[in-house]
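Here are some notes to read alongside the model. Take the points one at a time, and find each residue on screen as you go.

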Amino acid sequence: MVYRPFGNSGIVLSIIGLGGHEYLPDGSSRGFHEDRRAAVRPGYMAKGYGGRKRMDLLRDSFEHGINFFDVTIDPEKEALGRNLKEMAPPYEIFIQTRPEGMGYGYDPGNRKMADLKLLRAEVQRILRLMQRECVEILNLPFLRDALDQDPEYLQKMGHNVAELKREGLIRFASADTFSGEQIYLEQIRSGQFDSVVMNFNIVADSGLARVIPEAIRAKMAVVTREAFLKGGLFHVGQEAGIEDRDLLARLAVKYNANALGVTSAIIGAETPVQFRNALSALNPLSVSHDEEVLMEKLRATTGFKERHKQHREEFLR
């Protein structure tokens with residue numbers, strides 16, 4: 001496994017992180033595609049998370065040296081915490097998660113995250129749910145509205161992060177948004193965060209222009225997600241005449257792993273076989289001529305061009 005520094009924190013993360021999503025028979029993620037409104041509320045639970053298949057995947061990740069894990073909704077948090085009690089990791093691991101019902105568009109103006117009392121209580125709830133003493137990386141995703149409605153929002157977030165660290169409830173904090181480039185830049189320049197988390201892949205690459213270079217200058221880690229475009233990569237691949245989904249998955253992983261400034265790419269997998277296929281992209285890590293040719297075939301499709309244009313417009317708006 002390849003490891004990269006998590007900013008200037010002194011720790012390193014595996015270049016691949018394992019996401020916490022579990023999947024429905026059609027390949028869509030559980031929770032979000034079962035009852036999205038309920039799934040993003042604190043206390044939402046569902047049966048079947050963290051079962052044998054997930055334990056096999058977790059065991060395989062340990063065998064391959066994965067030390068970075070990301071979970072979002074409550075059933076994923078609970079399952080990972082339970083699984084780690086059943087199968088203790090053989091080395092130190094780092095878990096990234098977010099406060100539930102406070103980020104993105106789930107809370108208007110993201111006011112709850114700016115309230116230290118509410119945020120502290122949520123972190124404590126997460127720790128009980130995951131049976132852990134500290135959240136290694138707390139993801140704090142807020143939108144443009146938060147800054148527009150409260151000119152002191154970033155200062156409040158900085159205060160909250162500092163207090164949660166001082167109290168030993170979190171070790172690090174990551175910045176995140178769906179409001180595009182300018183908000184990412186403001187998060188980075190605030191100096192309040194240790195890392196940036198962003199959608200990034202062969203299509204959604206606009207972060208390479210300004211956001212990732214700014215993060216590098218600020219000595220922040222860069223964590224990426226959505227390497228497979230939520231499955232959209234395979235549709236683009238079909239248009240390009242690339243039917244081998246395993247090959248496309250390896251291309252996506254290799255693209256992320258070789259992008260300047262990327263510390264770790266979070267990927268989802270349903271089985272150890274899928275996960276091992278993705279990890280095989282790291283051996284060798286360098287991109288071959290044949291792989292470059294395949295990536296250019298993807299870029300030449302109408303589907304790629306339309307998705308790339310849409311992403312760029314949304315990211316820069």
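1. Which residues of the largest nonpolar core touch the most other members? Before answering, please keep in mind that this is a predicted model. The residues to look for are Ile16, Phe69, Leu140, Phe142, Phe228 and Phe275, and the core they belong to has 84 residues. Helix H11 gives the largest share of this core, with seven residues.

2. Setting aside neighbours within four places in sequence, Ile16 is in contact with Met1, Ile66, Val253, Ser264, Ala265, Ile267, Phe275, Leu279 and Leu282. Phe275, one of these partners, is also in the list of core residues that touch the most other members.

3. Next, have a look at strand E8. Is E8 largely enclosed or open? Four of its five residues are buried, so the strand is largely enclosed by the rest of the structure. E8 pairs with strand E7 (residues 170–176) in the parallel sense, over two bridges. If you want to see how the two strands line up, find Ala175, which stands opposite Val196 in E8.

4. Now for the pockets. The largest pocket has a volume of about 1500 Å³, and 47 residues line it. Nearest its centre are His21, Tyr23, Glu226, Lys230 and Gly231. Two or more lining residues come from each of strands E5 (94–97), E8 (195–199) and E10 (264–267), and from each of helices H10 (232–239), H11 (245–258) and H12 (272–279). H11 gives the most, with four residues. By type, the lining of the largest pocket divides into 17 nonpolar, 19 polar and 11 charged residues.

5. The second largest pocket holds about 560 Å³ of space. It is lined by 19 residues, and Asn199, Asn201, Ala204, His311 and Glu314 are the closest to its centre. Which element gives the largest share of the lining of the second largest pocket? That is H14, with five residues. The lining of this second pocket divides into seven nonpolar, six polar and six charged residues.

6. Some backbone details deserve a check as well. What kind of peptide bond joins Asn283 and Pro284? The bond is cis, with omega at about 5°. You will find Pro284 in the loop between H12 and helix H13 (289–299).

7. Finally, look at Asn110 and Gln131. Asn110 has a positive phi of about 50°, although it is not a glycine, and it lies in the loop between E5 and helix H4 (111–114). Gln131 is not a glycine either, and its phi is positive at about 60°; its place is the loop between helix H5 (116–130) and strand E6 (135–141). How do their surroundings compare? Asn110 is buried, with a relative accessible area of 1%, whereas Gln131 is partly exposed, with a relative accessible area of 41%.

Definitions and conventions. Residues are numbered from 1 along each chain as its sequence is written. This is a predicted model: local features need pLDDT of at least 70, side-chain atom pairs count only at pLDDT 80 or more; totals for chains, interfaces and linings use all residues. Side-chain values use heavy atoms; hydrogens and water are left out. On a 1 Å grid over the protein atoms alone, a cavity is a set of points where a 1.4 Å probe fits but cannot get out, and a pocket is an open set with protein on both sides within 12 Å along at least five of seven lines; lining residues have an atom within 4 Å of a point. Grid points are joined across faces, edges and corners, and a volume is the space filled by probe spheres set on the points. Ala, Val, Leu, Ile, Met, Phe, Trp, Tyr, Cys and Pro count as nonpolar, Asp, Glu, Lys and Arg as charged, and the others, Gly among them, as polar. Buried means under 20% relative accessible area, exposed over 50%, partly exposed in between (1.4 Å probe, protein chains only). A nonpolar core is a set of buried Ala, Val, Leu, Ile, Met, Phe, Trp, Tyr and Cys residues joined through side-chain atoms within 4.5 Å. Contact means heavy atoms within 4.5 Å. Two strands pair if DSSP finds at least two bridges between them.
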